[in-house]
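Notebook open. I want to look up a few residues and write down what I find.

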Amino acid sequence: ERTEFHISVCLYAYWGESNVVVLTYTPCVFQVSKKDFDGFKKLFHRFLQVKGPSVDWPKIHRPPEDSIQPYDKIAALPLPDSLADSLNKLVVVKLNGGLGTSMGCKGPKSLISVRNENTFLDLTVQQIEHLNKKYNTDVPLVLMNSFNTDEDTKKILQKYTHHRVKIHTFNQSRYPRINKESLLPVATDIGMTGENADVWYPPGHGDIYASFYNSGLLDQLITEGKEYIFVSNIDNLGATVDLNILHHLVSQPNGKRCEFIMEVTDKTRADVKGGTLIQYDNKLRLLEIAQVPKAHVDEFKSVTKFKIFNTNNLWISLGAIKRLQEQNAMDMEIIVNPKTLDGGQNVIQLETAVGAAIKSFDNALGINVPRSRFLPVKTVSDLLLVMSNLYSLEAGSLTMSQKREFPTTPHVKLGSSFTKVQEYQTRFESIPDMLELDHLTVSGDVTFGKQVSLKGTVIIIANHGDRIDIPAGTILENKIVSGNLRILDH
């Protein structure tokens with residue numbers, strides 16, 4: 001209940017008494033804000049204490065053979081009749097803090113339609129509901145929202161009231177951006193409007209551990225008999241509950257119980273910047289490109305030396321998260337992310353990544369999964385792929401069409417005229433047939449009529465001032481189309 005009474009709180013952090021930041025709270029937000037500032041203070045202290053690179057390059061080794069298991073080996077084990085028992089120990093957690101701005105959409109990215117008018121969130125709910133109905137289980141869905149997505153997400157959750165999925169939410173923290181030169185927070189008060197609209201940020205998905213614990217939801221789920229969470233980005237359409245990995249988790253003997261599984265997959269040239277697993281100080285550790293000394297960046301990008309990358313599909317023990325949080329033993333490297341605010345001010349934001357905590361858990365393991373478990377939709381080019389006949393949709397899950405001869409995904413690169421979802425939709429009267437496509441590049445003012453078929457390598461380039469309309473029913477196979485081709489209504 002809001003009252004007129006305000007509490008002023010001083011955050012001393014490492015700024016000293018002369019640089020006290022005084023922020024004004026209402027009682028209803030005081031407790032949450034205090035936890036946020038306690039978390040930020042710890043992160044900021046660590047940031048000031050860390051000097052030099054976070055890894056000593058000569059100490060990096062390839063992981064031992066048995067620390068990254070091939071998925072085929074795990075999938076070869078027969079599944080038990082008691083799958084329902086295993087599923088009832090599981091919670092699905094989706095990282096839902098991101099906005100759809102990179103695709104030209106307002107609001108949470110999870111509410112963008114990706115297939116047959118279904119949003120990312122719709123597909124997630126359908127997947128879990130299918131499991132719960134098929135096995136008569138109670139697998140809940142937990143959404144980690146940010147202050148950017150929480151309000152819109154909660155409004156939309158009402159539509160799932162009659163689905164067979166319990167849905168919980170909690171919010172990740174809200175931290176202040178820091179002036180790059182002075183290292184002082186640029187926020188002047190706790191508000192989110194006016195001058196303060198862009199001075200706060202959600203501090204990366206590594207914040208999941210503290211925020212989950214602080215919300216009380218982690219303890220609630222443990223009390224309900226839940227043992228593991230399956231965490232993934234909500235925009236990774238390949239991240240569905242895998243019964244083979246779940247069985248592998250719960251079937252381990254107690255002393256060797258695996259507390260953390262990271263799904264990795266083989267690197268291609270498109271993935272050279274992705275984080276990889278290494279052996280460091282006798283522990284499995286995630287190495288991100290931001291941690292690599294400049295002299296070794298090319299080596300890090302090598303597909304021959306570092307052959308796998310992190311999909312951010314993670315299976316983590318709830319009990320272990322609770323233990324590590326209470327012991328203050330969750331160790332994650334700080335990612336320093338420079339930004340420029342609209343007014344031109346240079347700031348930094350301190351972040352952590354959820355996978356970086358792997359070294360804090362006992363008996364951590366990597367599983368080298370098929371590429372099909374990594375199907376992120378980051379751009380409109382990705383959206384075209386998942387909307388096409390390359391994939392079939394069943395119970396919320398996308399699978400590569402059996403009609404495609406090659407299991408690889410075509411390389412699609414749509415130009416700047418297709419950056420926003422709204423623009424993209426006006427340029428395709430219907431999604432082309434792409435079953436036999438290997439590579440598509442489209443640049444400039446290009447539109448596609450109905451029932452166009454694209455095969456092999458297709459490159460369509462409309463130069464500045466030109467326009468190309470691909471007529472309905474066109475079949476393009478290993479073709480380069482350029483110049484000017486306009487179709488006008490008669």
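Which residues is glycine 204 in contact with, leaving aside its neighbours within four places in sequence? I find Gln172, Glu351 and Thr352. The model I am reading is predicted.

**Entry: confidence**

I checked pLDDT before going on. The mean for the protein is 88. I note that 91% of its residues reach 70 or more. Residues 1-30 stay under 50. For that stretch the model still has 53 contacts beyond four places in sequence.

**Entry: annotated positions**

I looked up the record. UniProt, in an unreviewed entry, places the feature "binding site" at Lys109, Gln172, Gly204, Asp235 and Lys378.

I went back to glycine 204 for its setting. It sits in the loop between strand S11 (200-201) and helix H6 (208-214). Is glycine 204 buried or exposed? It counts as buried, because its relative accessibility is 14% and the cut-off for buried is under 20%.

Next I took lysine 109. I located it in the loop between strand S4 (90-96) and strand S5 (113-115). Lysine 109 is buried too, with a relative accessible area of 9%. I then listed its contacts, setting aside neighbours within four places in sequence. They are Gly98, Leu99, Gly100, Met103, Phe120, Asp235, Val377 and Lys378.

**Entry: threonine 119**

I moved on to threonine 119, in strand S6 (residues 118-119). At 9% relative accessibility I count threonine 119 as buried. What does threonine 119 contact, beyond four places in sequence? I wrote down Ser110, Leu111, Ile112, Ser113, Val114 and Tyr160.

**Entry: positive phi**

I looked at backbone angles last. Most residues other than glycine have a negative phi.

Asparagine 312 has a positive phi of about 65°. I place asparagine 312 in strand S16 (residues 308-317). With 7% relative accessibility, asparagine 312 counts as buried.

Asparagine 478 also has a positive phi, near 50°. I find asparagine 478 in strand S27 (residues 475-482). Is asparagine 478 buried or exposed? It counts as exposed, because its relative accessibility is 53% and the cut-off for exposed is over 50%.

Notes:
Residues are numbered from 1 along each chain as its sequence is written. This is a predicted model: local features need pLDDT of at least 70, side-chain atom pairs count only at pLDDT 80 or more; totals for chains, interfaces and linings use all residues. Side-chain values use heavy atoms; hydrogens and water are left out. UniProt positions are given in the numbering used here, feature names are shortened, and annotations may be inferred rather than shown by experiment. Helices (H or I, at least four residues) and strands (E, at least two) are DSSP runs, numbered from the N terminus. Buried means under 20% relative accessible area, exposed over 50%, partly exposed in between (1.4 Å probe, protein chains only). Contact means heavy atoms within 4.5 Å. pLDDT is the predictor's confidence in each residue, from 0 to 100.
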